[in-house]
Amino acid sequence: RYSLFYNRLKNIEQNEGGLDKFSKSYKTFGVNQFVDGGVYCKEWAPGAEAVFLTGDFNGWNPFSHPYKKMEYGKWELFIPPGQDGCPPVPHGSKLKVVICAQNGEILYRISPWARYVVRDEDKVNYDWVHWNPPHPYIHKHPSPKRLRSLRIYESHVGIASPEGKVASYKNFTYNVLPRIKDLGYNCVQLMAIMEHAYYASFGYQVTSFFAASSRYGTPDDLKEMIDVAHSMGITVLLDVVHSHASKNSEDGLNKFDGTDSCFFHSGPKGTHQLWDSRLFDYANWEVLRFLLSNLRMWIEDYRFDGFRFDGVTSMLYHHHGIGTGFSGDYNEYFGLHVDEDALCYLMLANHMINFLHPECITIAEDVSGMPALCRPVAEGGGGFEYRLAMAIPDKWIQIIKELKDEDWNMGNIVHTLTNRRYEEKYIAYAESHDQALVGDKTLAFRLMDAEMYTNMSVLSPLTPVIDRGIQLHKMIRLITHALGGESYLNFMGNEFGHPEWLDFPRKGNNESYHYARRQFNLTEDHLLRYRFLNTFDRDMNKLEERFGWLASPPAFVSEKHESNKVIAFERAGLIFIFNFHPYQSYVDYRVVICHDSLIVIFKYKILLDSDAGEYGGHQRLDHSTEYFSEEYPHNYRCSSLMV
């Protein structure tokens, strides 16, 4: 794999002048380079017989501005400035690339490199709008320094409002970012930013890879949003979709030059049978140029601090993970079923990002557990810094759905939370957007279900269902945060047990926005119990910020007691003790401490207690109590204490 990567990198250096120049193609392709007041245009359309540019600037004459055919399927056009020296293509004017296909058909296309596309209310397809404002947004604040502990708030701009509408970049900037900061998250991961024609696709059916979604506002609005986040010390990641593309041809990449092989594999190999989308040909030179330039544009133009790569499992294997289970056997990761070209692209992408922007972070969404995916490229690894611990939310769902409380297996919980490859960083999460979508249930909804509609008021009795749900919601999130990985992720609203599911407007729900929103206002009502969960989530993050357990070595688990239903471990100098027993509390319970000093006595105090009153607990512990270590062997360690 490293040899394939090295040879491809060497070819780029020999034929393109290096990775720096190769990945800077976003400045020369499309219609975005101005030379002496003129406009320079460039496209890759290997299957076209002729290419033209048309639009508002020439009265929509389809053949007045022909491109010149160059080598390797490239086409170039230079439009000189007007007599008054003004740009020939004004800012805000609509454009189309006209393709004369091999079968004689005339096709009107949006450039794959378009920076801004919009859709009028009375239209189905998007229009390409030339974006070159006379006074573009200028970033004022530097990116935050590289974080040691990553606490990620997974977000979607469009649903980030209690109102039933598509929310804006401006709303997120001034209403949501302060909330994220207050909750103690230091990183926001933005979904559905790359333009997608179908809103209900959650942003995973991308049509314009270089365009920020216009349904939330302008490119400058997004730049301002990122700049304000940086001023708060918040790192901003983009959920990037390079695993597949929308099948749209009128306003997408599909059949851009009239053939099914432009950017994608031709025939059945080029279509994902479950997602009904197109699959990139990662061995193609121009596809590599397109995708690498895409990453670099988001970093350098918008100042994103890194990426979460979606659908990595689909990229890694020719079977795309369809109908395939992964047991961890190494034969599953090495063989002809692995798409080495896709893996090589990921190595190139991570190498480029690390070489040109070493401060940036990359995350892999891979369910297969590909070995070394999060090791440096120089070691033959994939080059990612983090991978999502995707088995953890599945485990919590399985436990809550299938087991009675007294049947919870402490050893199995600990195994799932700690089962990760040494020196590969994992992002732990109890639930993400996947569990919030219609057809699934969030943890809060699984725990409390219909009673969330009737018994979340402090004026109503605390029923056993609500009491159990609130307490387990806190405990599950804390043990996942502290034991599950080297970073933590939460999807917006889940921190306070957001009621109901997430469902975008579509024909099946009469185009309703009722479920495509986040009811942040619920945490501000002091008569509702949602504020207890919200406050606990904030204090949990603040405690991690203070002690940094995510950046500490893996925890030492001293106890996983099946009959007592107790889990105890130590990390970053803190002792974490969880009692998952449905009805049994314990007095004078002995737990291990990792300090084996027989001379020094260590004093401990409670820092975070899920049973505290401000978190909706029963206040059964005295926080003024001091706990002292003693020379008393327990669980094969020399020192312990009683709690």
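Helices (H or I, at least four residues) and strands (E, at least two) are DSSP runs, numbered from the N terminus. The structure is a predicted model, where local features need pLDDT of at least 70 and side-chain atom pairs count only at pLDDT 80 or more, while totals for chains, interfaces and linings use all residues. Residues are numbered from 1 along each chain as its sequence is written, and side-chain values use heavy atoms, with hydrogens and water left out.

**The annotated residues**

- The UniProt annotation "active site", from an unreviewed entry, covers Asp310 and Glu365; such annotations may be inferred rather than shown by experiment.
- These residues span 56 residues in sequence, yet no two of their C-alpha atoms are more than 5.5 Å apart, so they gather at one spot.
- Both Asp310 and Glu365 belong to the lining of the second largest pocket.
- Aspartate 310 is buried, with a relative accessible area of 7% (buried means under 20%, exposed over 50%, partly exposed in between, with a 1.4 Å probe and protein chains only).
- Leaving aside neighbours within four places in sequence, aspartate 310 has contacts (heavy atoms within 4.5 Å) that include Tyr204, Asp239, His244 and Glu365.
- Glutamate 365 sits in the loop between β18 (361-364) and β19 (386-388), and glutamate 365 is buried too, at 13% relative accessible area.

**The second largest pocket**

- On a 1 Å grid over the protein atoms alone, a pocket is an open set of points where a 1.4 Å probe fits, with protein on both sides within 12 Å along at least five of seven lines; lining residues have an atom within 4 Å of a point.
- The second largest pocket has a volume of about 820 Å³, counted as the space filled by probe spheres set on the points.
- Of its 32 lining residues, the closest to the centre are Trp275, Asp310, Gly311, Glu365 and Asp434.
- Helix α6 gives the largest share of this lining, three residues.

**The largest pocket**

- The largest pocket holds about 1600 Å³ of space.
- Its lining has 43 residues, and the closest to its centre are Ile577, Asn579, Asp609, Ser610 and Leu621.
- Here α12 provides the largest share of the lining, seven residues.

**The domains**

- The domain assignment, automatic or from a database, gives domain 1 (30-111) and domain 2 (389-642).
- The centres of domain 1 and domain 2, taken over C-alpha atoms, are 56 Å apart.
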